[in-house]
Amino acid sequence: MITCPNCGQKTSGDHCQWCNYPILRGRPVERQEAGSVRKASRAKKQARNEAGQSGKTGDAERQTVKNARIVAQKKTKQGNMVSNPYRILGLGLCLAGTIFVPVSYFIINSVPLTAAAISVITLGLTCIALANTRPYISPETCQLMLKTGMENTAALLEELGLKNKAIYLPSTMRDGHPQALVPLREDEDIQWVKEKIPGRLIVRFGLNPDDMAIAVTTAGSINIDMLETKPGPTSAEIEAAVTYILTGVLDIANSASVKLTDARIDVEISGSRWHYEDVWYYRCLGSPIASIVAAISSEALQKPIRIKEESYSKGKSKIVLEVLS
Amino acid sequence: MRIYNKYIVSLALAGGSINTLLAFLGQKDLGVYFVLNVLAYLVITLLYVYFNPRARRALSSVSAVLFAGFMVVVVLKVVEILSGR
């Protein structure tokens, strides 16, 4: 007999006889882990012995590594200084303005030109200030990371053959972290469990034993942490939060408008630079923009939300969300 | 970075328009130019509420410096008026 990690009942077999949760046997993995730990500690000991035998060689190597690290850091710093266009623009404007102010005031004797030169310095200072706020990681690296995560999730969904639309849950229904549930079977009338849904990959979300789902973290789940304050349950507050994230923080859209009516939320994103594609991942979890909007709306309303429709036409993305009770 | 570009372009346009307008009106006082430019800067910065927190912090420090300059000009003008010169 073994204790089910989902419902806590005593059971046997590959699945829990009470909640149908798959039972994973931990021993082989534990044994493997213990073996790898032993191997690692043996390798460490060996390395330490070798280092003791050739102490001088080790010192020289350490010094070389240290020097290489310092050179690399200097190069990165120089690269950042040169590659940031806002910093170059800012320094150029400040320099030009500083030279032009005394020339226009004392030599040319022109007040408007002096004022223009002061404006140029102000603009230069603004550019320098903005240059320091650019992200440390390049957008290409971020895209790479996101694509990796998305492809892994898509592979999981495809392997399991899941085509149901995901349900976005507020953080209060999970363990303080908003996530999306991809139900294993389609059910229109969900009887939600009263307690918090556990922070596992395979979870039971309804009173019905068949209400099982895969819980995944989406782009929207992570973005909730970027909000300074949690939005309230009105369309104006949701709109402000969505605009702040999409326009100010992520810079992937120009503006957003939100209309909230009963159990339906209509969102229109203009100037969206990330459109809906007809791929398995998007059909299931929605595009990253829809995912962000759904996660914010779910957090604001404190209710589960499903992406009902998503379309793109004439430079505008239209997203329809369904508020589940 | 499009929002940054928009912000910089709007600041440049506002500054340019104010300076051109005042020059056409024949304004000779540098303080007036400075005060109006700072006002335009503060208003435009305030309108861009959707900047990320780091950008807003950085711009607040620039705004504080400009506001200090604005206050100096205003105090000097007030002293000038009160002393009757």
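Two residues are in contact if their C-beta atoms, placed from the backbone, lie within 7 Å. With that criterion, residues 24 or more positions apart account for 50% of the contacts in chain A with a separation of 6 or more. The structure is a predicted model, with an ipTM of 0.90 and a pTM of 0.61.

Chain A has 325 residues, and 30% of them count as buried.

Chain B has three helices and zero strands, and its elements run α-α-α from the N terminus on. Chain B has 85 residues, of which 21% count as buried. Among its contacts between residues at least 6 apart in sequence, 61% join residues at least 24 apart. The mean pLDDT of chain B is 90, and 98% of its residues reach 70 or more. Within chain B, confidence is highest in α2(B), at a mean of 93, and lowest in α3(B), at 90.

The next topic is how the two chains meet. Chain A contributes 24 residues to the contact and chain B contributes 28. On the side of chain B that touches chain A, at least two residues come from each of α1 (2–24), α2 (30–47) and α3 (53–83). The largest share of that side, 10 residues, is supplied by α1(B). By class, the side of chain B that touches chain A holds 20 nonpolar, five polar and three charged residues.

The crossing of α3(A) past α4(A) is left-handed. Sorted by class, the contact of α3(A) with α4(A) has 20 nonpolar residues, six polar residues and one charged residue.

Helix α4(A) also packs against chain B. The axes of α4(A) and α1(B) come within 10 Å and cross at roughly 170°. That angle makes α4(A) roughly antiparallel to α1(B). From α4(A), the contact takes P112(A), A115(A), A116(A), S119(A), L123(A), T126(A), C127(A) and L130(A). From α1(B), the contact takes Y4(B), I8(B), L11(B), A12(B), G15(B), N19(B), L22(B) and A23(B). The contact of α4(A) with α1(B) divides into 12 nonpolar, four polar and no charged residues.

Helix α3(B) is another partner of α4(A). Their axes are 9 Å apart, and the packing angle is about 155°. Thus α4(A) is roughly antiparallel to α3(B). The crossing of α4(A) and α3(B) is right-handed. In this contact, T122(A), L125(A), T126(A), A129(A) and L130(A) of α4(A) meet A55(B), A58(B), L59(B), S61(B), V62(B) and L66(B) of α3(B). The contact of α4(A) with α3(B) has eight nonpolar, three polar and no charged residues.

One is N19(B), in helix α1 of chain B. N19(B) counts as buried because 23 C-beta neighbours lie inside 10 Å, and the cut-off for a buried residue is 20 or more. Not counting residues up to four places away in sequence, N19(B) touches P112(A), A115(A), A116(A) and S119(A) in chain A, together with Y33(B) in chain B. The C-alpha atom of N19(B) is separated by 9.3 Å from that of F34(B), and the two residues are 15 residues apart along the chain.

The other is L30(B), in helix α2 of chain B. L30(B) is partly exposed, because 15 other C-beta atoms lie within 10 Å of its own. Leaving out residues up to four places away in sequence, L30(B) touches V111(A), T114(A) and A115(A). Within chain B, L30(B) and V73(B) are 43 residues apart in sequence, and their C-alpha atoms are 9.7 Å apart in space. A115(A) is among the residues touched by L30(B), and A115(A) is also among those touched by N19(B).

Note on methods: Residues are numbered from 1 along each chain as its sequence is written. Chains are lettered from A and ligands numbered from 1 in the order in which they are written. This is a predicted model: local features need pLDDT of at least 70, side-chain atom pairs count only at pLDDT 80 or more; totals for chains, interfaces and linings use all residues. Helices (H or I, at least four residues) and strands (E, at least two) are DSSP runs, numbered from the N terminus. Ala, Val, Leu, Ile, Met, Phe, Trp, Tyr, Cys and Pro count as nonpolar, Asp, Glu, Lys and Arg as charged, and the others, Gly among them, as polar. A residue is buried if 20 or more other C-beta atoms lie within 10 Å of its own, exposed if 12 or fewer, and partly exposed in between; C-beta atoms are placed from the backbone. pLDDT is the predictor's confidence in each residue, from 0 to 100. A crossing is left-handed if the near helix is turned anticlockwise from the far one by less than a right angle, and right-handed if clockwise. Axes are lines fitted to C-alpha atoms, for helices over the stretch in contact, and angles run from 0 to 180 degrees between N-to-C directions. Angles under 35 degrees count as roughly parallel, over 145 as roughly antiparallel, 65 to 115 as roughly perpendicular and the rest as oblique.
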